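The following note sets out numbered points on the structure shown below. Please read each point with the model open.

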Amino acid sequence: MNKISKPIRFGYWALTGLALLLFISGMLLPGLNAQTTGVPTLTWNQTQIPNWGEITFGSLPPISQGGRLIVSPDLLQQSEYDPYREWQVGTPIAQVLTLGDFRQSLRIQEKNLGEIAPRSNLNLQEVTLAQFGAIRLQTLKSLVSAVPDLAKFPLSQIPPVYDLLVSELRSDNENLNLGLAQGYSAQLVSYVASDVNGQVGFDPEQPFGEFLLNSPHLDSLSLSSLPLENYNIQDIPNLALTTLGNLNNWEAVTIADVPGLSSVPLNELSPNGIQAAGPMIATVDIALGPQEKNRRNTVSGSDVEGFNVPCESECAHIELAGNPAVHGKQWISGKYQQVRGGHGPLATVNGGMEPTGRFLFGETGEWPFKVVLWDVSEKDGTAELTLFFRVCMAELGCTPYFMGPVPLMTVNERDSVLLGQLLPALSVSSGVGSGSLSVSGEFSAPTNEMLANPSVQSWLPTPTKSCDRTYQGVVMDALGTAFSQVVQSSAAIDSQSCRSGECVERVGPYRMPANHPSLKQAIAAHGGGADLGNPEAGLSTAVFDSAFLETAMGLIERSASQIDPVTVRPFSGDRLIERVAQLYFAGAAIPIDSLAVDSFGNTVADHSTRVAAGYRSAYQQMNCRS
């Protein structure tokens, strides 16, 4: 055997050792990017997220779990169409979802085929009417109403309409209007010159709109009786320019039945693009399987139950780290935990339940889909993110997000993961002792600790007041009691309100800034000239009550005009009280349910829930009746 020289042996073992080192290092180093199921991704804030500029409905993986949607007969009586649909494992999602499902989110109904075609490299001359599912749902009346200027075109220039009329109105037919049940009598395609008025029973050169005006009994003739595969899109002039939402029963048309739509990137379908709902990023610390129980520090749930829904059993989840705001919190798998979802009458579908999860993309209340953690492998340290969709109807609201799962991407332990909106995207300043949130508004946010002053007790309104003083359903005396009790009992509230470097005293039982317009007006009305920092200096409780009530009524009006992301309706009930408190404590610019903290570590949301609880307590003590 030939001997190997020392230099060669050294090089061999050096390369072998290096390869082994790289192999081991590859196993030990944290994963930098999430694995995907073929879905394109991009790096956003050093985190891999789906690239909605390349993802289309057609490129999304198929549904991995079968299901169906059945709406009860009593609900169908309130709708123009039956939204029934059924899907199997492997069904493309584009064959299940309809335009109506995205009426408020992507608003696809605002587009037309002319806009869709270039985005999907589609030649409309090669697209037949049979490929455009909406055409089967049109009558002559709906068609002439939807298509721009179609009423002005002669019948002979609209081959499908002309042929439909020829098949129904030939003079050799005993009945000039045979009706839909008679069916299509011949495969005519376009105007035949030999057919003159006497043979077809109408003037081919008469404008379409004028013809229907003189023949209203033909309004309901349906294009579905034609061999639509024999015509292309351009055989109906201006059909490519027709806004989809103007077509009859557009809500029932599936994504797959709109030519080219399945090939348009989702980012181009949405008016504002598919954007991250918030900037919150965390690290996947550990993946744990369904043997986990009693997990209560969660960040998952629904827009009905909120996003801190506890899990009792089968709590497969990923535990989060890397961000102090979510350190130790759990995102629970929706494969095992269901939460309440949906809005309106359709909320009863699927038993009113949907997988727990988060809304990471879109706008509040108009989420096109829900992101759900699905399969979690403790052994492999991985977790699968999936999409779930819902059905929406104008008259009936929206079902829970139960249509899925559609596989999206897989995250590994030590990957970063997007959480969306958890904390508001605003800066929080310590204010150099001011304790104020750095948000704009009508006045600076108090930091919710009342100075230890025994004389404050005498300012507090008593809960034995009248239930008759109400504004938009809110008992004002109960509201005043709740606010005064919260600011009295809170752990930290400054004696001053500071904004833009200027500080003023907080005064009275509601700790309002002394220069607040309502308080100034109330003071002026009661004589003025008092030392605002001294409650003993001639200011009665009525002064502060009046200023607070005026302020509160303005905040109630503003809050009632906003949409609650939890109910997707205007704020009402306890949620109205919470929103009023949020605006009161943090100003007009504060995001809904903000978790922004002040210099004492208190959040706006915390104080708002305390006010709502105090309101309920005062309401009950006053024996008010709704």
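Predicted model: local features only at pLDDT ≥ 70, side-chain atom pairs only at ≥ 80, totals over all residues.

1. Strands β13 (392-393) and β14 (397-398) each contribute at least two residues to the lining of the second largest pocket. Helices (H or I, at least four residues) and strands (E, at least two) are DSSP runs, numbered from the N terminus. On a 1 Å grid over the protein atoms alone, a pocket is an open set of points where a 1.4 Å probe fits, with protein on both sides within 12 Å along at least five of seven lines, and lining residues have an atom within 4 Å of a point. The space in the second largest pocket amounts to about 290 Å³. Its lining comprises 18 residues, of which Gln-104, His-343, Gly-397, Cys-398 and Val-568 are the closest to the centre. A volume here is the space filled by probe spheres set on the grid points, which are joined across faces, edges and corners. By class, the lining holds 7 nonpolar, 6 polar and 5 charged residues. Ala, Val, Leu, Ile, Met, Phe, Trp, Tyr, Cys and Pro count as nonpolar, Asp, Glu, Lys and Arg as charged, and the others, Gly among them, as polar.

2. Residues are numbered from 1 along each chain as its sequence is written, and side-chain values use heavy atoms, with hydrogens and water left out.

3. As to the overall picture, the protein contains 13 helices and 23 strands. Of its 626 residues, 51% are buried; buried means under 20% relative accessible area, exposed over 50%, and partly exposed in between (1.4 Å probe, protein chains only). The protein exposes about 27800 Å², and carbon and sulfur atoms supply 51% of that area. These areas come from the Shrake-Rupley method with a 1.4 Å probe. Among contacts with a separation of 6 or more, 70% join residues 24 or more positions apart, where contact means heavy atoms within 4.5 Å.

4. Which helix is largely enclosed by the rest of the structure? It is helix α5 (residues 159-169), because 11 of its 11 residues are buried. Among them are Tyr-162, Asp-163 and Glu-168.

5. Val-127, in the loop between α3 (113-119) and α4 (140-146), is buried at 4% relative accessible area. Its C-alpha atom lies 8.9 Å from that of Glu-229, 102 residues away in sequence. Beyond four places in sequence, Val-127 touches Leu-122, Tyr-231, Asn-232, Ile-233 and Pro-259. Pro-265 sits in the loop between α7 (208-214) and α8 (266-269) and is buried at 10%. Its C-alpha atom is 4.5 Å from that of Thr-56, although 209 residues separate the two along the chain. The contacts of Pro-265 include Trp-52, Gly-53 and Arg-119. Phe-102, in the loop between β5 (85-87) and α3, is buried at 1%. Phe-102 and Met-393 are 291 residues apart along the chain, with 9.4 Å between their C-alpha atoms.

6. The structure holds 15 salt bridges, each a side-chain nitrogen of Lys or Arg within 4 Å of a carboxyl oxygen of Asp or Glu. Side chains of opposite charge can pair when their charged atoms come close. By contrast, in the bridge between Asp-149 and Lys-152, with closest N and O atoms 3.5 Å apart, Asp-149 is partly exposed at 45% and Lys-152 is exposed at 62%.

7. A further salt bridge joins Asp-593 and Arg-575 at 2.8 Å, N to O. Asp-593 lies in the loop between α12 (573-586) and α13 (604-621) and Arg-575 in helix α12, so the pair ties together parts 18 residues apart in sequence. Salt bridges that share partners join Asp-564, Arg-575, Glu-578 and Asp-593 into one network. Within this group, Asp-593 is partly exposed at 28%, whereas Arg-575 is buried at 17%.
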